[in-house]
Amino acid sequence: MANDFPIAAFLDALDEPAMLIEGTAVTSANASARALFGAGIEGNDIRLAIRHPRALEFILPGRDGDLELTGIGSLERPWQLRLRRVGKTLLFLQLIDRAAAHSAEKMRVDFVANASHELRTPLSVILGYAESLEDGAVDPKDCGRFGGVIRGEAKRMLRIIEDLMSLSRIEADRFVAATDRVAVAHVIRSAVDNNSAMAAKCGCHIHVQVEDGLPPVAGDYPQLLQLVDNLISNALRYACGDRDCTIEVSAAVERQQVRIIVRDNGPGIAREHLPRLTERFYRADPARSRDSGGTGLGLAIVKHIVERHRGLLAIDSIVGEGTTVTVRLPIARL
Ligand SMILES: Nc1ncnc2c1ncn2[C@@H]1O[C@H](COP(=O)(O)OP(=O)(O)OP(=O)(O)O)[C@@H](O)[C@H]1O
Ligand SMILES: [Mg+2]
């Protein structure tokens with residue numbers, strides 16, 4: 001290394017905490033390392049700078065290697081320590097923040113646990129009813145009812161699997177820009193038609209208000225239909241049964257975007273649930289969702305479709321007044 005090599009500038013160009021160590025002295029530390037271990041770390045003894053016994057056990061022998069540990073900075077934060085020999089006397093130490101990787105891994109583990117739980121519940125019911133039928137202990141006049149329960153639970157499992165497959169297809173297309181020119185008015189009309197039978201059954205009125213001459217958005221028609229359909233079916237599912245159930249679906253241009261709003265005057269959602277609604281299988285009202293055949297995947301699908309379309313999603317709700325979901329999608333370029 002040339003003597004005039006700008007080591008400090010080089011270390012500062014790294015985002016992660018990094019330092020050079022000679023013997024037991026820290027000869028150079030970048031801004032992130034100074035923020036983590038204190039401004040006086042440079043020129044100090046490494047044993048005073050990093051007071052973490054496991055980290056010191058790893059660093060002091062001065063051998064190349066990697067170590068994962070927690071307890072540096074904050075108690076829970078996981079780090080990967082990467083130690084490399086540089087030339088004859090120097091050691092290069094870099095700390096890589098593993099918090100994002102750990103939380104992605106936790107999400108994956110939670111997802112597998114949740115999906116297994118959601119599938120096991122209907123499967124247990126099916127098994128129980130099937131065993132009773134097999135034993136011949138069921139009164140023949142109850143057989144039809146038992147068959148109905150089995151079919152209902154099997155349908156529920158199929159819905160979960162279809163929704164999961166749909167979610168993974170949307171995720172797989174995440175980086176593929178959707179380029180069709182989609183007329184939002186058409187999407188809304190089809191989504192309202194899909195839900196009209198349910199609306200009639202609930203005695204709900206769906207009011208549609210679409211601005212004249214709405215420009216097309218750049219998108220994927222089936223996905224956008226799925227998005228609006230999910231929002232309208234949520235509004236119906238949760239507002240249904242309430243007096244004067246009314247749903248408003250509107251679309252208008254707002255700052256180079258098409259803004260779609262689905263609003264209901266249903267029971268609303270308590271504030272603490274709002275940030276978690278787009279998580280897979282998260283339900284604010286589990287009993288109501290399950291009783292009406294919900295899988296808890298609808299808003300996760302909505303979120304992924306919005307992200308794929310480089311749009312924005314906002315869910316606002318007031319308990320006792322209703323819920324408003326706003327989606328903003330970029331207008332298609334000419
Ligand atoms: N318009 C709404 N009014 C009240 N609660 C709602 C509304 N929309 C969503 N929620 C709450 O958010 C939760 C998550 O909604 P999501 O659409 O993801 O799942 P779901 O409706 O339970 O099932 P599905 O996968 O069939 O859509 C619901 O379980 C419900 O508790
Ligand atoms: Mg839903």
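The shell around ligand 1 in this predicted model divides into 10 nonpolar, nine polar and five charged residues. In total, 24 residues surround ligand 1, and the closest are Arg-283, Ala-284, Ser-289, Gly-294 and Gly-298. Of the elements, H8 gives the most to the shell around ligand 1, with five residues.

The domain assignment of the protein chain gives domain 1 (7-97), domain 2 (99-172) and domain 3 (178-334). The C-alpha centres of domain 1 and domain 2 are 49 Å apart.

In soluble globular proteins, nonpolar side chains tend to be buried together. Leaving out residues up to four places away in sequence, Ala-235 touches Ile-247, Val-262, Asp-264 and Gly-266.

Val-184 belongs to helix H7. Val-184 counts as buried because 25 other C-beta atoms lie within 10 Å, where 20 or more are required. When neighbours within four places in sequence are set aside, the contacts of Val-184 are Leu-214, Val-217, Ala-251, Val-258 and Ile-260. Between Val-184 and Arg-280 the separation is 96 residues in sequence and 26 Å in space, C-alpha to C-alpha.

Lys-106, by contrast, is exposed, because 10 other C-beta atoms lie within 10 Å, and a residue with 12 or fewer is placed in that class. Lys-106 lies in helix H5, which comprises residues 99-135. From Lys-106 to Ala-332 the distance is 226 residues in sequence and 37 Å in space, C-alpha to C-alpha.

Several strands of the model pair in the antiparallel sense. Ile-318 has Gly-322 in E12 as its bridge partner. E11 and E12 form a hairpin with three residues between the strands, in which Gly-320 takes a positive phi near 90°.

Another antiparallel pairing joins E3 and strand E4 (residues 78-86), over six bridges. Here the bridge partner of Glu-68 is Gln-80 in E4. Strand E3 (residues 65-70) is hardly covered, as the count of buried residues among its six residues is zero.

Most residues other than glycine have a negative phi. Arg-255, although not a glycine, has a positive phi of about 45°. Arg-255 is located in the loop between E9 and E10, and with 7 C-beta neighbours inside 10 Å Arg-255 counts as exposed. Gln-256 is likewise not a glycine and has a positive phi of about 60°. Gln-256 has its place in the loop between E9 and E10. With 9 other C-beta atoms within 10 Å, Gln-256 is exposed.

Terms used. Residues numbered from 1 in each chain as written. Chains lettered and ligands numbered in written order. Predicted model: local features only at pLDDT ≥ 70, side-chain atom pairs only at ≥ 80, totals over all residues. Contact = placed C-beta atoms within 7 Å. Pairing = 2+ DSSP bridges. Helix = DSSP H or I, 4+ residues; strand = E, 2+ residues; numbered from the N terminus. Domains from an automatic or database assignment. Near = placed C-beta within 6 Å. Nonpolar A, V, L, I, M, F, W, Y, C, P; charged D, E, K, R; others polar.
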